[in-house]
Amino acid sequence: MAIPMDRRKRLLDLKYNQRSQFNFVVDGLYGPKAQLLENQCKSIRDGVTKDDPSCEHHLYWSDPPERVLAIKKFRDLGVTAKFKELTTWLVKDCGLKVTVEPSVLLEETIVKDDAYKEVRESLITWDDSSREECLGAVDFIICLGGDGTLLYTSSLFQESIPPIISFHMGSLGFLTPFVFDNYRSDITRVLKGNVSMTLRHRLESVIKTEHEVRTSDPSEECPMSPGEIERPKIAFQKFPSKVVIPTENLRTKMLIMNDVVVDRGPSPYLTNLEIFCNGRKMTSVQGDGVIIATPTGSTAYSLAAGASMVHPSVPSMVVTPICPHSLSFRSIVVPSGVEITIRVAPLSRNSAWVAFDGRNRQEIKQGDSVTVSTSALPVPSINNTGHVTDWFDSLAECLHWNVRKEQKKLGV
């Protein structure tokens, strides 16, 4: 979404204070009409009253919202049917202008549905020349899908992003606390501004390289070891990917909601990665790679690699090694105000590969680096019951956290 120059300067001037908290109450940070109420929560410690950063942020509208972006899960007939039900209600009953992706209007089940024709013709979409303007006019976003759909939506907005309400229609649904059956009452609450939000931190990642950046290829072979005998090639059937990213669309600077992953890619060798914190070398990674995760991403790949789970309201980054060849290398949590740099060691036997939220996978060679810091542009995720309750409910329902039969009492 495009930000006017005066507001852009205010965003660039945002700095961490001593408590590593951004000033997220800035006009224009969450779309053209959504704003945050000032933090009214206070905590008292040692006789000193301070703002409580763990409190929820509440949404209010400077003007009634008029335009909504509806994003749905890719190629799912069940989701498409509910998408048509939702957009019909938004257009006819709520009088909202609904924006959709261009690919949605090309789906066969939407094009050939005569009963949906009137609504379909009222939907707004964009092309390459109008994309920035179209997305910049969106007041809030409705996601129908799973966690991947939410991550994809975040990637569409590489600057500020409007509030998002996410309905669970995917596999896990850790980040999607709403059920579709109640969509009318839930969206009505959003339109009235009667909701709280969790500001999910995003990472800003920058690739610094002097080499040509290239994408991954499923047919690419691993480099041969010295003296290795060439074996007969095995033919693999290529399947079309859900998301195809042309080389010319790759970015060296991105905002990421979950994690940045640097790994060894197709190479049989260990990675040799140097990790710097605020310019000072912290350690080296010799293993399969390393994950830099947001608190939101701490329950994804980072969790699978053995790291701790961090509540999304905690301003931090999680640094997690992937299969390190060391018994003492464990995950650490660092303040969100630091800058982490991952550099492929000049003497490394092989290059490395970097991925952003599992997308835009690129090769980085010896001497190249990836710098990661916390962005001043978070994702305002609308809560169902509350930012603490939603998170613990997801832990219990999706990950079955600490599920155990209760111990029986001693016999009397």
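**Strand pairing and surface**

Author: In β17, V334 is the bridge partner of M317. Keep in mind that this is a predicted model.

Reader: How many bridges join β16 to β17?

Author: Four bridges join them, and the two strands run antiparallel. β16 covers residues 316–322.

Reader: What order do the strands of the sheet take?

Author: The order is β17-β16-β15-β12-β19-β20. These six strands form an open sheet with antiparallel pairing. β17 (332–335) and β20 (359–364) each have a single partner strand, so one side of each has no neighbour in the sheet. On average, neighbouring strands are turned by 20° against each other, direction ignored.

Reader: New topic. Which residues form the nonpolar patch on the surface?

Author: V388, F392 and W401 form it. Together they have about 280 Å² of accessible area.

Reader: Where does W401 lie?

Author: W401 is in the segment after α9 (387–398).

Reader: Is W391 buried or exposed?

Author: W391 counts as buried, at 11% relative accessibility. F392 has 38%, so it counts as partly exposed.

Reader: Which residues form the aromatic cluster?

Author: W89, F167, F178, F180 and Y183 form one cluster.

Definitions and conventions. Residues numbered from 1 in each chain as written. Predicted model: local features only at pLDDT ≥ 70, side-chain atom pairs only at ≥ 80, totals over all residues. Heavy atoms only, no water. Patch = residues over 30% accessible without salt bridge, like charges linked within 9 Å, V, L, I, M, F, W, Y side chains within 5 Å. Areas by Shrake-Rupley, 256 points an atom, 1.4 Å probe, with all protein chains shown as cover. Salt bridge = Lys/Arg side-chain N within 4 Å of Asp/Glu carboxyl O. Pairing = 2+ DSSP bridges. Axes fitted to C-alpha atoms, helices over the stretch in contact; angles between N-to-C directions. Buried < 20%, exposed > 50% of the residue type's maximum accessible area, 1.4 Å probe, protein only. Phe/Tyr/Trp six-rings, centres within 6.5 Å; stacked < 30°, edge-to-face > 60°.
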